[in-house]
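I opened a notebook for this structure.

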Amino acid sequence: MIANIVKPGHKTRGVLNYLYGPGRANEHTDPHLVASFDGFAPDPGRDPDATLAQLASVLDLRVKQAGHKAPESHVWHCSIRAAPEDRHLSDDEWATIARRVLDATGIAPAGDPDACRWVAVRHADDHIHIVATKVRGDLRPPRNWNDFLRADKELEAIEKEYGFRQVQRGDRTAAKRPTRAEQEKARRTGNARTSREHLRTVVRTAVSAATDTEEFFRLVEGAGTLIDVQYFPSGDVRGYKVALDGDTNAQGQPVWFSGSTLASDLSYPKITERLTAAEPTPKEPTGSPAWRRLTVAIDRTPDHLSNDATEAGQAHITVLAETLDVLPLTAPASLRSELLQAATAFERASRSRVRAQHRQAHTTRRAVKSILREPAPKDGVLLAVLLDAVLLAAVAAQHWHRTRGHTQQAEAASQAAEHLRTAYQTAAAAPLAVIHQRGTQLPEWLHHQQAAAVRRALPDQAEQILTETGWPALAATLAQAGTVGHNSATLLTQAAEGRDLDTAISVSEVLTWRLHRIADLNKRTTSRGPAPQSAPYRPAHTDQQRRTR
């Protein structure tokens, strides 16, 4: 069950008009009361002599008695919805649930004769609406602080008692959902996403790509977005807000969103913290190409999540999200759709109540930003190896969240992994075919030699590996590693430690890419897949001047 407590309003009659009306799409059927504060409130849905004006007057009685002491926004409105697979409840059962939620939130504590006046309206099989006026019998306001959390906790208990679907509870770190008005505006204008969602993607991508705050502002601006930077009298930046060019309100003014209203980690202080953590350190190696550095860093993410402190683990998950944010900018067109969906899904997995120690992941963050300033790899193998590493890291993030009770984040990581798996399979097909072809051309004695190494290193999986269609590619990879001095059995043992092979669809394929990472074969490989068609990243610029104040 899900509770939705909307922002308090000031028109009781207006809310009742909606609840007893046909709905926005004629979806309301048989609107009627299932319960009220005293059991005698007039019901315009079932009593032909009752009117909405009478019901509103009953609910507003104490508001009028309180006069100027009454809160201006005195209408408390909460909807409670059951899951689609839950059975339909009777009116009496909904009445009981309404009273329990009112008691838990402090709007109408059980047995309190001075509790707020309220009614519960049902106009569909799967949900009810509770409307209360926030003035008690003693003309004081109710004590309903943290009412959403209290309602949610009570509904969690109700789900268990009634045997209903147990909804995944969040930790209040999710990005704010678009309002109904924003959703309807998007539909009217023919946009698949709301302005809030579009701006969130723009800002997240800019943060992941930028190396400092000035570049962050330029990138946001260059994405066709208006940005308004606010300053303290000292000249230091206080914050910022963004709007889509052309998205205006009724007065023709831009519809602005501050960073913190897009997501908690997009406030200016949080962005500054992440960008500061990306500054290079004196000992940071910069000799190898960024794509190789990023692959190596992401490959170590599962180990960090298993062994590092919780705060460091959150930092590595945050930078994994940044990796997903920038990959669509550099990937071939055939992969961008799945990578964008993976980044969108993983956004929810990037935040939790754990405060990230961003310095712990600064090496990976630097590599993420650097790949946008270097040409995309001409070798399809390197891209496939990177996507394989990112996929394993997303699965590790799912496990990390699940073990800590972060159910929403774990589900988000799982969804991202599915999109990454599809992108990886597309990216790996061509380079894997090239390596496979090379494997079929190996001399028979070398095949036997590599097969013997597999049996020594992985006796439990050996027969499966040797019969898989991916075996020739693995044999070719082992042979290539041998030419640069690696021992096949030792490499296989090391590669097997990086993942539970029993859950792999193709063990040989997993080991092929794992060996490329461990032995760093990508800089030595001669197997050239199709080159991704993407240009080096350049920060966007615009003639439009950034608004300041």
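**Salt bridges and a helix pair**

I began with a network of salt bridges that links Arg204, Asp265, Arg274, Glu322, Asp325, Glu347, Arg351 and Arg365. I take a salt bridge as a side-chain nitrogen of Lys or Arg within 4 Å of a carboxyl oxygen of Asp or Glu. Side chains of opposite charge can pair when their charged atoms come close.

I noted the ground rules next. This is a predicted model, where local features need pLDDT of at least 70 and side-chain atom pairs count only at pLDDT 80 or more, while totals for chains, interfaces and linings use all residues. Residues are numbered from 1 along each chain as its sequence is written, and side-chain values use heavy atoms, with hydrogens and water left out.

How many salt bridges does the structure hold? I found 27.

Arg365 and Glu322 meet through their side chains in a salt bridge, 3.0 Å from N to O. Arg365 sits in helix H15 (residues 362-371) and Glu322 in helix H13 (residues 310-330), so this pair ties together parts 43 residues apart in sequence. Helices here are DSSP runs of H or I, at least four residues, numbered from the N terminus.

Are these two buried or exposed? Arg365 is buried, at 1% relative accessible area. Glu322 also counts as buried, at 1%. The cut-offs are under 20% for buried, over 50% for exposed and in between for partly exposed (1.4 Å probe, protein chains only).

I then looked up Arg100. Its salt bridge is with Glu161, and the closest N and O atoms are 2.8 Å apart. The two lie in distant parts of the chain: Arg100 is in helix H4 (residues 91-105), Glu161 in helix H5 (residues 147-162), 61 residues apart. Glu161 is exposed, at 54%.

Asp138 and Arg140 form another salt bridge, with closest N and O atoms 2.9 Å apart. Asp138 is partly exposed at 28%. Arg140 is exposed at 51%.

Last, I turned to helix packing. H1 (residues 12-20) and H2 (residues 52-59) pack at about 135°, with axes 9 Å apart. Axes are lines fitted to C-alpha atoms over the stretch in contact, and angles run from 0 to 180 degrees between N-to-C directions.

Which residues meet? Thr12, Arg13, Leu16, Asn17 and Tyr20 in H1 meet Leu52, Ala53, Leu55, Ala56 and Leu59 in H2, with contact meaning heavy atoms within 4.5 Å.
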